[in-house]
Structure formats: C-alpha cells, structure tokens
Amino acid sequence: MTSSDISDNLTNDPLATLDSTETGSTDPASSDPVPPLAVTIDQADADYAPGETVGITATDVGDGGSLTFSVAHVSAGADGVLGTADDVLTYDLTGTGTPWVVTDGGAGDLDGTVNGKIQTSWYVNSDALNQAFTLTTTDPATGRVAAVNFTDAATMVDLTFKTTATINGAIFSSSDVATGAGTGLLDPFVRIQNNGTEQGYNTDASVKVLDDTAKGSTQYVHALNIADIPIQYVNGVGYYRFDLDINESNSDNVQNLSLDTLQIWQATAGNLSNYDPGAAPDQGTGAFPTATKIYDLDQGGDKFVGLNGDLQPGSGNTTDMSFLVPVANFDPSKPFIYLYSGFGYQAGTYQGSTETTPSTWTAESGFEEWNRQIGQVIDGHKFNDLNADHVWEAGDRRLEDLSGCERQQHVGFGRAVHLHRRKRLLQIHGHARHLHGPRGAAGRMVAGCAEQCAGRVLRYSGGRPGQPQQRLRQFPARLYLGPQI
C-alpha cells in the first residue's frame, strides 16, 4: 500500500516516511564517537492491519546493551490534518504508553544473540484501525534516541475519478453509471442518512433499522426479490447489478464519501431486522443470524471505496457507482436479497487526482440511496428467422414485410411478434411458444393472429374462415435479436 491509500493525508509528510529520527555523537573528531541508534520496521509500506505484528530491529546497540521501546498514537492537531506541525502524541489506544525494555541477547531479544542488534515486536490491536503511530527507541546508557512512524490504515480503492475496479470478484465502477435517476428508471430499495457515519440495509420489517430513513415496507426502504434485479453481462459473465446514488455537498472540502462496508445477504423471508453490525462495522464485523452471506467487501482484509459526490454532473440525475456481483454467487432457493452498507468511517482528508482541494470522507449532506434499474433498453430487429441462425440476413422477412394478420400480431406491452415457420415457434417479446393446432399441407404452420390472455395463456385464430381458437402451450422465455443487414 502506498501513502496515497491512507485517508489521513500522510502523503509526503513525516509520518509517511521510514526515516528514523536519530541522536548520537557522530563527530569524527570525538575521541569516543557514538554511532547513531538506528531502528527499522519490517514492512516497506509501514502499514499494518489489525491482528498483525510490527517487526522491530534496532542496530548499533552496544553488545549486551538494553533499549527502551514505546509506541504513541499520533493524532491530528487543531488543523485537523495528520502529518503537520501541530500533531499531538497521545496514549489512548491499546498498547500505547506502555514502554518495554529489551536487552541484547536477553529473553526479549528475538534473535537471542549478543550481537549489537535487538529484535522485538509490537502487536496491532483492533482499536488501532485507520490510525497513525510513532515508535520511539531510547538507549538509557548513552541518551541516544531513534523514532520511526507507521500506520494501521484500510486499503483504499479510489473511485473519486471515473474508473472501474474489481474487489473480491465484484465490479465497482464510477464510470459505468445509470443516467435518469428520478425519472422512474430506478427503484430505490434502501435510503440511509446520518451525519458523520451511517449504516443500514433494506427490509420489509415494519421497524426503522440502524440509519435507514424510514421503516421497512415503504417506498424507499423495502425488500428486494432476486427476480427483480437486472442482470448485466461482462465478458460473457452474468452479474446482478446494483446502483448507488450518494448525496454529498458540492463544496470541495466535503465532496468525498467513503464506502467502508458492503455486504450482500440472502434469505427465504423479506422482513428480517436482526442484523448486528458488530464492534467495528467498517471492518465488516456484522452478522445476520438468519441469512446467508453472499458478498463481503472486507473479505481478505479491511478495505474502503473512495467516492466523489461531485464527479457526476447534475443533481440526482446520474448515479455515482455501479456494483456488479456474479450471478453464480447466489442461491436461487433464497429469493430475498439484503444489501447492508456503511459510509463515512474514514478519518482525515483526501484529495483525488481530479479534485482541487482535500476533502473529508464523512457523511455531510443528504441520504445515500441504493437502487435497481427497472427501465432497460434493448436494441435489435424483429424478423422472420427462416434458417434459425439468430442472425438477420438476406431472405429473412422484416416485420414491416409481413402482411395481413402476421403484421398485426401484438402481445404483452403492445410489442409485435413474428412467426418462425420451420420450427413452428412463435417468437414473442421475452417468451417463446409452440403452436398446437391444425397444420397445412407439407408441414406448413397455419398463419394466425395471437393474443395474450389472463395467466399468460396465448391463443391464436386459424387462417381459415370459421376455424376455432386454439390454446398455445407455454415454454421458457427466449427472445432472438439479430444484427441489421
């Protein structure tokens, strides 16, 4: 991880470097020069996740000498920005303010050898998440001091500019977004709002959960059935698509928002309300006792997605991020989908590549809203596919070339159909039906007019005068679309 991944603005400041602060006499004219004390840590990016151990090595120690180690929590000062001159050392987190002494070759020296080098460690506790620290090492015998800085920051996935990223198999995009928010093309299924941090999920339960804006089973907070989620194909793989619309102020210093936790759960009922966020919601510690987890942003380590509320033009016209989860992850026997998310947990500020001013990550303005698309556009051509190759080519009659009753056939939504005569297949918008009824000589299908009746049972009237209506048998959905010729 680079320093730009850290939300506390450590880029190019003293806390983002590994340079130790050292003291000691290095004057070559001294009759007894004392080399400076040197301390290093074992990760090049100086960033550690909760549960990891910081490996510490001190060199230029007198053989058999002892050193005192201490870790302090570095907090931003009055300017609210970490890494500036007014930063403050505090000792409010687990393991800070508790010095320990290690002797070269002694019990606490991990290499166990008297060799002028001491190896020790410090455990990163869960309350250290997204914080910065400084390790100070002191040699009591000579007064030499060395210090090194490190952090415990979540991995940032930067979507503050138009881009696409894959996290744990799901696709996040700030460029593939939905236009037309507020025009009936999107169905919001959960709205979340709170100042600072916020979290919530959709449900039909008649209670207000977490920071949802309303009780469940209402217009903007309700259950979501898997059958109602649009599927988008990317490189031949099907994904269920969800769209996020955030509402942050247009002011440059508060336009960003962190998406810190995101989980998808499935259940057999749509009115669950027993989700427990856990001790650290932004790290994905939550649990849904009566549901099955399908996706977790924080699987494999704490992560957050950086969003820019000023990236998309217009107010409420375009969503801010699309979220695609592989269809293969889901269990079709559990029809109800729960989307849990949390925002605004990152401290400090961040300035993205297209932004002019550092911005906080916290929730500052209106509600955040998850949607499903309900208005879909399909491009294609209705035609009589004579050779059943699903391609519109010479010899295939277009809709406008059909005559009489053929041209007047309309089903569902007023959309026209066409007849596939060779395989006796009636092509309908979204459905395919086999005709059962009288046939003409040489296996020809009798032309007729079809209509859709209650229960999606189709009938057609035969082409010969006085012929009675015949029932059409229902088959799985299929729609052939072909390229224009």
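Author: Gladly! Two strands pair if DSSP finds at least two bridges between them, and strands (E, at least two residues) and helices (H or I, at least four) are DSSP runs, numbered from the N terminus. This is a predicted model, where local features need pLDDT of at least 70 and side-chain atom pairs count only at pLDDT 80 or more, while totals for chains, interfaces and linings use all residues. Residues are numbered from 1 along each chain as its sequence is written, and side-chain values use heavy atoms, with hydrogens and water left out.

Let's start with strand S3 (residues 53–59), which is joined to S7 by six bridges, the two running antiparallel. Within this pairing, glycine 55 stands opposite serine 121 in S7. Both strands belong to an open sheet of three strands, ordered S2-S3-S7 with antiparallel pairing. Strand S2 (38–41) and strand S7 (118–123) are at the edges with a single partner strand each, so one side of each has no neighbour in the sheet. From one strand to the next, the twist averages 25°, with axes being lines fitted to C-alpha atoms and angles running from 0 to 180 degrees between N-to-C directions.

Now to the rings. Searching the whole structure gives 21 aromatic pairs (rings of Phe, Tyr and Trp, its six-membered ring, with centres within 6.5 Å; planes under 30 degrees apart are stacked, over 60 edge-to-face, the rest tilted). Tyrosine 201 and tyrosine 275 form a tilted pair, because their planes are at 55°, with the ring centres 5.7 Å apart. This pair links distant parts of the chain, 74 residues apart: tyrosine 201 is in strand S14 (residues 198–201), and tyrosine 275 is in the loop between strand S18 (256–267) and strand S19 (292–296).

Tyrosine 275 also pairs with tryptophan 265, edge-to-face, at 6.2 Å centre to centre and 75° between the planes. Tryptophan 265 lies in strand S18, so this pair ties together parts that are 10 residues apart in sequence.

What about burial (buried is under 20% relative accessible area, exposed over 50%, partly exposed in between, with a 1.4 Å probe and protein chains only)? Tyrosine 201 is buried at 1%, tyrosine 275 is buried at 7%, and tryptophan 265 is buried at 6%.

Elsewhere, ring pairs join Phe172, Phe189, Phe242, Tyr295, Phe323 and Trp370 into a cluster.
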